[in-house]
Each structure stands twice: as structure tokens, then as C-alpha cells.
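User: I'm new to this one, and I'd like to go through it slowly. Could you show it to me before we start?

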Amino acid sequence: MLVAALLSGLVLGGTYALVAMGLTLQYGIARIMNLAYGEMIISAAFLAYVMFSTLGLNPVAGLLIAVPAGFALGYVIYGAMMTPLVARARDKASLEIDSILATFGLLFVFQGVMLVTFGANFTSYSYLNDPVTIFGTTLAANRVLALILAVVFGGGLYLLLTRTLWGTALRAVAVNPGAAPLVGIDVNRAARLAFALGSGLAAAGGVVISMYQTFTATSGVVFTMKALIVVIMGGVGNLIGALSAGLILGLVETFVATYVDPGLTLAATYAIFLSVLLWRPAGLFGRLMR
Amino acid sequence: MKNLERRRVLRAMALAGTVAATGLLAGMTGAAMAQDRTSVKIGYAISKTGGNAGGAGITTLPNYKLWVKDVNDAGGLELPDGKKLPIEVIEYDDRSSAEEVVRAVERLATQDKVDFILVPWGTGFNLAVAPLFDRHGYPQLAVSAVTDKAPDFVKRWKKSFWMLGGGHDYANALASILADAKKAGTVNGKVAMISVADGFGIDLVTAARPAFKKAGIEVVYDKTYPGATSDFSPMINEAKSSGADAFVAFSYPPETFALTQQAQVAGFSPKILYLGVGTGFPVYGKNNGENATGIMSLGGIDPNNKMNAEYRKRHEAVTGVAPDYWGSVITYASLQMLQEAIKRKGLDKAAVSAELASGAFQTVLGETKFENNQLRQLWWTGQWQNGQFVGVMPADRNGASKVILPRGDWKKK
Amino acid sequence: MSRALLSVFVFALVVAVLAYVPFIAGSYGITLGIGMLGYVTLATAWALFSGPTRYVSLATVAFFGIGAYTVAVFSENMAYPLLLAVAGAIGLAVALVVGLATLRLAGVYFVIFTFGLAELIRQLVTWYEVNVTGTLGRYIFLPVTPEGIYWQLLALATTAFLISWGIGRSRIGLALKVIGDDEVVASHCGIDIARVKLALFAVSAVLITLVGAIQAPRWTYVEPTIAFNPTVSFLTLIMALLGGANRLTGPLLGAVPLFMLFEWLSANFPNHYSIILGLVFIAIVFVLPRGVLAFVEENWRRWRKSGVKNLPAVAE
């Protein structure tokens, strides 16, 4: 029972982590609080659904299309919408408010387009819904795949950020956007890349989620909120933080469902989240800026 | 100093502007039309966005569209003098908010002065607007509202009609199926039960507990989960090891889909599997194919009812999606009842309400009439058989199919 | 001095006129007024705390829902005024506990914390109802007319406005401005930051709780998903920010036009509502970067410079 709960928890947490990593890049490096993040996820889920049901393209191959598309979309959105906001922002707080308002608008646009295109129906398809047995526990193959992808993406990005010059530049912007230009970093370009990268990850998350979860055009906000919680809990801009916070939340949910009461899973999530914040106000891996 | 004064003036202007805006809108209320009518105005507020959009988008909205098209294609709504008037639709989005739906219906009644108002989706929203329908004299044909309190509501709001039964009806039907299966030795009489922590799930589960007890069914696992749960493996594992060979979930569509998939993964194949809303969605049958066979839920249809079959075909052709097997056909039937009542009594709301309460109507369900303002000719339990979701309870109703138990094991794809 | 008298007079007149509206407006007018006054009060109460401190709170619906739910739970066995008092008291208690625990958080951490709080309360209420009382939906059959709700909300909105005005002119208001600008400076000036913030948070929370309590009887049926609808938090936030949360009339000027816009859009474009709303939002951010009021003031200044003679008599 313990092993089963542990593995199910990790697998569930893998999804949370995957979804949250993109947001942590966007908020931590590009400083954009993207409220339309969940809608980007759902758009990718619809894309995967369309490719699967009309072209018969399997979702893993679909990643090859969805992720670059998400990256491009993020790149364009940042260039068109966020650059002017960043340019006129006097301080971090005013950019935060502006980006909240602007992406709140974007959320509705995305949602509206999806509603007009796909209607409000529950959408789902079945892919890799096969049992896999690990340590005597039966798990769904598509969820295990999600965990693997989360680890691959997380690990890959971590290496990218820590081992390459380009990644170092991104991290420098995250730590101190004011000082980064002094060492020759184009902050705007770095932020744009980070935002696009985050959108690409959102697309990846959307494709993976579509493999096993039912979604509607309006269910994006659920993902935004889960992702935000993971991001904040892990420490803004911290990939490893997002990864571990995601896994912790998954474990908490599964353990509470198994040993306490399934009715309290969400309450437990928020309780853990709130207590982590009270204990470490900047998140598990974050440093307080002020 | 100057600056401060300017602000004060601005503030005054702002407030004056607010008053003006409010007054203006109030003034607009007066304009009414007294000319010869060229159309019948029908209005509705429905959740096009927000959390309820999924449910409204499958059960309610397509049927409104289909009905309006059907009526207008046939030349319009027929009045007692044989004259036909086309339907003019006024629709609002309630954005899944109780406050919005109240305001939208108020607007339909007092501002647009529509002739009839169709109901919103969901138990809570139908109750929220019930006092308004009552105050403005509109008949309320509440379809997607499951409530045991319907007899009380009918006393409170005389023109309200409740068309989907209550939790007890569904729970009792299920209990009697379980009891029969136990008597026949098909199952061991132990049941694992989960329910969504929402009005629907709680209504049903609180009705099911005493019903099962009375039927001699032992509930060995009984938990409630929060809405939008996506991972059911802990609950499925518990249910699997609980010794129950019947599994009941009073769930919402996303969870119904997830449960079906995750039960297959976990190799959990109870002899009786009963799931909640969503089981009767056409996409459920499509996605699960052979594996859907034997799964039970609320609702169902009579597979031999020609009119219903024809309705299903037309629904798919016109709206692009197939209707669900529970509320859809009832929604359409409610509209046909309204249409027929208007044909008999005209556009007088009180007369139409009285006719709805007392008359008998020919609809896609067959002959349909209200008992104490409630529709009672419903399928309390249905089961997937041969690619259709057919009604099995009440077993003595005309057109009932026989329950097939136990359901087979999951088929490998 | 006469200027001050004038604004007091105008304010009283406006309130009086608004109080008279139910006698002339149809029932839709009243409904509209209820919605509008509800959001004006919410936005004003929100800005009361969040404007000067710059703490963006998403806990609005937590308190709104507490108010609505309290009324639903006790409506059968309590007199109506007592009902409101109990709702307010519960709101106050929750606000004090939460305030004590959270006000040391800053920036986005506070934003998400407050959102999490709203969800946590919703989950706990749900769990309690399901496991302890065994029912979820609750019915409210109170003999409160729409006019009654309208007047109560008007009174509440007036109160919120007066509180906001009073604080702006008091020592606390000054202290708050310092806190908003720089907390370190504020603490060096000898301002007890925590107490001021807590007091303000509590006042704002009680007002919000009362809005929920007053509006709830209109829904007849209350369940946690209805009472704790997160949209309320978001709309309040957007309205206050749009108007300009740092000014007295800012929230009002954000709430009224936005409310009308929502109403107009959902009436005329039910199918493309979301898209248009989203585009309008984005446009607002680009065109009115610092809120409606700042925009009006800037243009007012420009206009005044170019044509002083055309000014209406009131202005001078």
C-alpha cells in the first residue's frame, strides 16, 4: 500500500511539476505573471487531440509540433504585448500589475477562441492507457510517461541553464535584471527567450495532460492555479524548486487520499502550500528579494 | 491646492455620472412595443463560459438550438388561431455565476419582455431563478435539476415543473438492482462507493446510504472526493482491496472518464460498475467501445422508440454532436411540451402554465404528462448494451431492457 | 471651506438620488443597481486595504463566500439583522487570524497565498458539510425584497466610501502611504506597520463579508461552488486596478464602467463575449495604463489649459 501510494504520488506530482516549470521560467526570468498560462496548456491539449483524432498522430510525436508552436507563440506574444509593458514599467510592482491585467485579457481571448472553435464539450481521447507494473504497483503508462517527460524536461532545462553561457545569462537576468546589462546581457532578449521557452513547456504539458485527462475549453484556470501554487511553493524562477514542489504536492494528495480522506486532498494541498509559505515566505528554494 | 480642488470636482462628477448611468437605464425600461407581433420572443440565459459550460454545452444548449431551428423551419410556433409566428431568440451568457443568471433572467423578463423563458443549466441555477420565473409569471420547465425537494418547490412556485426526478429515485432503483443481483448470487452484496463533493454527488449518496441498507447491501467503502480530482488510483486501490464486487461512483463527467480509464489500468473490473454523469455521453461510448458494455448510470433510452431514434439522428445532423442519453431528450421533450401548450392556449403565460400542468403531450418520449408538476416517466437506471445506453429501471416500464449482470471483464485493446 | 461643503453636499445628494432609484426604476434597473453597488462596494473595500499597502489580495471571495454561507446556514433560526451581525463577526474573526498569519508575506507570495486561502476555506466548508451535516446545498427563503437588498447595499457602499474617505484624511492614512512607499522607512518613522495593516485588512474583510451576506438571499440556493466563485476575486481586483486603487473614487470609476461593459457584452455578443472582453482588457492596459481616473485627470489638465473659459461654473 505504501509503495503504491508513493509511486502514484510521484506520477501525479510529475504532471504538476511539468506544468509548473514553464510558469516558473516566465515569472522568474521574464517577470511576466502569465494568467493565460493554463489556456496555453489547454490550447496544446486541443492541438494534440485534433492531431490524434484526425491525423492519427500519436501525442509523443505531437510534441515535436506542439512544443515549437508553443515556443513561437510565446515569442510572438512577448514581442507584441509584453515588450511595450516592460518598456514603460517603472518598477517591478507596476510591471506585475500590468502583466496581470494584460494576460488576464489574453486568457479570455484564448478561451473565447477555443470556445468558438471547439465548443464547451468535454474532450478526451485514450492513448497509452495500459497498465505498467513497477515494484508490484500497477500504474497507467501515460502517467508514467508524464513523469518521465517531466524529469527529462526538467533535467534538460536545468543543464541548459547551469551549463551553457546562454543559460547563465538567463539566470543572471532572473537574479538581477538591473545589473545584467552591465555584463553585456541583452535583458529584453533573454526575457523574451525565457517567456517563449515557458510557452513551449506549457505546450508540452498540455499535450501530456491531454493523454489521460478530460478537458474543456474553460478548464485552463485550474492548471494556472495549480502551477502557480507549485511555482510559489518551490521559489519563483527555480526549476528544481518547481520540480520538487510539484512532486511534494503529488505525494501529499495521494497520501491524504489513501490514509486520511479523499475529500480532503485539495484542502491538504492548500494547507501544505500555506504552511510552507508561512515557514519560508519566499518558497522552498527561493531567496527573499527585499 | 488647485490640484485638490480639481480632484474634488472630479469626484463629484464621477458620482454624478454613476447616477446618470443608472437613471438612463431605468428610463430605458419604458419603451415597449404595441404593434402587431411578427415573432414570438423566447429568451434564455445559459452558461457559455465558466465551470458549467461543459454540462450546459452538451445537454441544454444544442437542444435549444435544434428546437428553434425545427420550429422555424416548419414556419414558426403555431398559435390557437392557426397562425404561425417565427421564434426570435434572445440569449445571454450567465458566465456560470449565480448573480449573473439572476440578472439575465430579470433582464429577459422586464427589459426584453420575452414571451417565454427557457431554463438555465444546473440544479443551483434553476433554483436561483425560480423566484423570478414565479414573480413574472413564466412557466419554468426545469430539466437539468435533480432534487428530492421538487414537491415542496411546486407548492412554493406554482408554475415550476421539475423534470429529472430526485436523488432518491435513482438511488432506490440502483439499490433494487443490487439487491436482485445479490439474491441471484451474481454478487456478494458488498459495494464500494465514492461520490463527488458537490450538490449532485451528495444528494445521491445521502439517498443511497439508507436505500442500500434497506436492501441489505453492505457498503464497505464510502468516501467523498473534491470536484476536479484527476487521480483516482488511491480510491480504486482501496475499493479493489475492500472485497466489494460492485463499485458505485456518483461522479461528474471528467471524473467519470478518468475512473473508467484508471479502473482498466488498475485491472479493477467489478461485476457491477455504476458511474455518474458523463456515462451517458456519446463520447463515452465512442471512447470505450466494447468496454462500455454493462456499465450502468443514470438515465437511458428506450431503444425501440422510433421518435427518439429519429430525434437523435436529427440532433447529430443539426448540431454536429450526438445528444447524451439522460437529460438531452428530456430537454427537447420539455420544449415540445411548451410548443404544444402554446398551440393550444396561445401566448398567455398563465394559461400555458395551467395547460402544461394538466394536459398530455405527444413528445419524442411518447405521451408525456406531469404528475403534480413533475415528470415521473423517467429512466432511473440505464446500462450500455450493444453500443446503446438503454433504460433498465423501472423494469416494469414499457420499453425497458433487461439488466445484464455481471458485466464482463475489461477487454484488452 | 465652501469647496469641502460642496463635495459633502454633492455626496449626500448622490446618495439620496441613488436611494430614490428603486421607486422609478423597473425591476431590471434594481437588479442592475444591486450588481453595480455590490461590485462598487467590493472594489472600494478591496482598495481600502490593497490600494495604500500595495498588497494585491485574491481573498475577496473567501470573505464574500463566508458572508453568503453564514446567511444560508443560519437563515432559518435567526433574525435578519442578527444574521448580518453574525456574518460580519465571522468575517472579522477569520480576517484577524489570517491577517496575523500572512501580512509578513510580500508581493506575489501574498497574492497566491490569498488565493489559496479562498480555496482552502471552500474545501473545508465543503468537507464539513459533506461529512458532518450530510447536505451540501442550502436554501435561503428570506422575505427580503430586491429593493431591500438594493438599499442595504447602498448603505454599505456609502459606509465603505466614508471609511475610505476618513482614512485618507487621518493619521493612519498617512502612515499607510508611507508603508506603501517603503516599509523600512515606515518602521523607522515609528509606525506600527503590523497593527495598521491588520486593522485595515479586518475592516476591508468585514465590508466584503457583508456584501456576500446581503446578496446571498437573491440566489435562493447556495452551495460552496456558487458562494466561493473565484471570478468574484478577479473581477474586484480588475475593477479596482482599472479605476486606480490609490484614489478614493478610483474603484468606483473602475467598477461602474466595467460592470456596464460586461452587461452590454454578454447581452449583445453572447458567443464572442470572451474574445471581445479579452481584447478590451488588453486595450485598457495599453491605453489607460494608470487607471481611468489618472487618464481623465491628465486629459482634464490638458483640456483646461487649452480652454479655461469654457469651464463649467462648478469648477471655479
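Analyst: What follows is a short talk about strands, domains and chain contacts. This is a predicted model, in which local features need pLDDT of at least 70 and side-chain atom pairs count only at pLDDT 80 or more, while totals for chains, interfaces and linings use all residues. Residues are numbered from 1 along each chain as its sequence is written, and chains are lettered from A and ligands numbered from 1 in the order in which they are written.

User: Okay, is strand S8 of chain B mostly covered or mostly open?

Analyst: Strand S8 of chain B, residues 190–196, is mostly covered, with six of its seven residues buried. A strand here is a DSSP run of E with at least two residues, a helix is a run of H or I with at least four, and both are numbered from the N terminus. Buried is used for 20 or more other C-beta atoms within 10 Å of a residue's own, exposed for 12 or fewer, and partly exposed for anything in between, with C-beta atoms placed from the backbone.

User: And which strand does S8(B) join through seven bridges?

Analyst: That is strand S9 of chain B, residues 218–225, which runs parallel to S8(B); pairing requires that DSSP finds at least two bridges between two strands. Within that pair, B:Val191 has B:Val219 as its bridge partner.

User: Switching topic, how is chain B divided into domains?

Analyst: Domain 1 of chain B covers 40–166 + 305–369, and domain 2 covers 167–301 + 380–393, with bounds taken from an automatic or database domain assignment. Their C-alpha centres lie 29 Å apart, and 15 residues of domain 1 are in contact with 19 residues of domain 2, where contact means C-beta atoms, placed from the backbone, within 7 Å.

User: How many residues of chain B touch chain A?

Analyst: 34 residues of chain B are in contact with 32 residues of chain A. On the side of chain B that touches chain A, the largest share, eight residues, comes from H9(B).

User: Last one, what about the secondary structure of chain C?

Analyst: Chain C has 14 helices and two strands, and buried residues make up 53% of its 316 residues.

Methods
Contact = placed C-beta atoms within 7 Å.
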